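Hi,

Here is the structure I promised to hand over. Please open it first, then read my notes below.

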Amino acid sequence: MKKSIEISPNIETLFGTRDENVRLLEDGLNINIDLRSDSIELEGAARDVARAEQVFADYDHLQRSGHAFNNGDLGSMLRVLLADPKTSLRGLAEAGRQRSFGRRTVQPKSVNQRRYLEAIEKHDMVFGIGPAGTGKTYLAVAMAISALLSKRVNRIILARPAVEAGERLGFLPGTLQDKIDPYLRPLYDALYDMLEPEKVDRYLEKNVIEIAPIAFMRGRTLNDSFVILDEAQNTTSEQMKMFVTRLGFNSKAVITGDVTQIDLPNAKRSGLLEAADVLKHVEGLTFAYFDDTDVVRHHLVQRIIRAYDEHKARVAEGETGLLESRANGKSNGAEIVPADQNRAPASEVERQDLETNE
């Protein structure tokens, strides 16, 4: 099917740098887009051509209504709508505009990120589980700020377990706040990225925004609050149970973590892993999962995460094969022993050493 659509004013801004968005639409919808001097020619299956036409129409409508796309937002929205046929460019843009994120406009950059934001809006407790760089914490902080600015909650509470990443820093100098600040720095970074520094400082001073280690949560009931537990993979089973039972009236809780980066000492079982098993059928809460395709950091991070996952799978397969071969050996009546124990001494020197040891 071929379809010709009229060029509207400033439509060329949709094309992207070196027409990258045009190529994105062509590859995602399996169509051809021919840019003429006075029109745009679309060719492909009828359904795909209709979707492309809707993208151009939505973009024209958004421009006329004064919507401004920030750097990278348009490409991210196009990827989301290509991955999910039920979405539209206009719907994604207007959903982002309905949320107030302070001085930033936050748009989901993948289908899983969009589902994560929708889950936070619909449920009182959400677990966001996935690898580093997928926006779990950043989006949770953005939704907390949106809830605070729209007066749906009265305060934001950000918690994190004080666990080092595989090293021991010893006793840190300063006050209690000075000691715990290094562990909570990523949460501060997200806050200062979305709000003016003066406003963040004022909120922190008045305890409108509270940042604390998870150990300080015991005994509290958190009403009218948006509570975020970051790095939840480093909570123990007892800490996780304590945290999820703090939720009070008119409150939301978001728990984020990466189960591939557990830094708990003595091989304790992660409270996040246990919660994912114990709470998966509890009504009123939900789990949002991310993978390497949701990574929004440097493109190398995606490849690194994928390489580690593949390595882990190969190691697991090797261990399974070794266990199976040992089981088969014992079932056949043959004891599997290291090869050097069955080997005859290759020289007189080795023979003498064995006799001496005996």
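Thr 256 sits in strand E8. This is a predicted model, so treat the notes as a reading of a prediction. Thr 256 counts as buried because its relative accessibility is 0%, and the cut-off for buried is under 20%.

The side chain of Thr 137 is another, at 3.5 Å.

Leaving aside residues up to four places away in sequence, Thr 256 also touches a run from Leu 229 through Asp 230, Glu 231 and Ala 232 to Gln 233. Lys 136 and Thr 137 are on the contact list too, as are Tyr 116 and Gly 128.

Next, the loop that lies between strand E8 (252-257) and helix H10 (271-278). Ile 262 is found there. Is Ile 262 buried, exposed or partly exposed? It is partly exposed, because its relative accessible area is 32%, between the limits of 20% and 50%.

Now the whole chain. It has 358 residues, and 41% of them count as buried. There are 13 helices and 9 strands. Take the contacts between residues at least 6 apart in sequence: 72% of them join residues at least 24 apart. The chain exposes about 20,600 Å², with carbon and sulfur atoms supplying 49% of that area.

Best wishes

Notes: Residues are numbered from 1 along each chain as its sequence is written. This is a predicted model: local features need pLDDT of at least 70, side-chain atom pairs count only at pLDDT 80 or more; totals for chains, interfaces and linings use all residues. Side-chain values use heavy atoms; hydrogens and water are left out. Helices (H or I, at least four residues) and strands (E, at least two) are DSSP runs, numbered from the N terminus. Buried means under 20% relative accessible area, exposed over 50%, partly exposed in between (1.4 Å probe, protein chains only). A polar contact is a pair of N or O atoms within 3.5 Å; within protein, one must be able to donate a hydrogen and the other to accept it, and residues adjacent in sequence count only if both atoms are side-chain atoms. Contact means heavy atoms within 4.5 Å. Accessible areas come from the Shrake-Rupley method with a 1.4 Å probe; for residues, only the protein chains shown count as cover.
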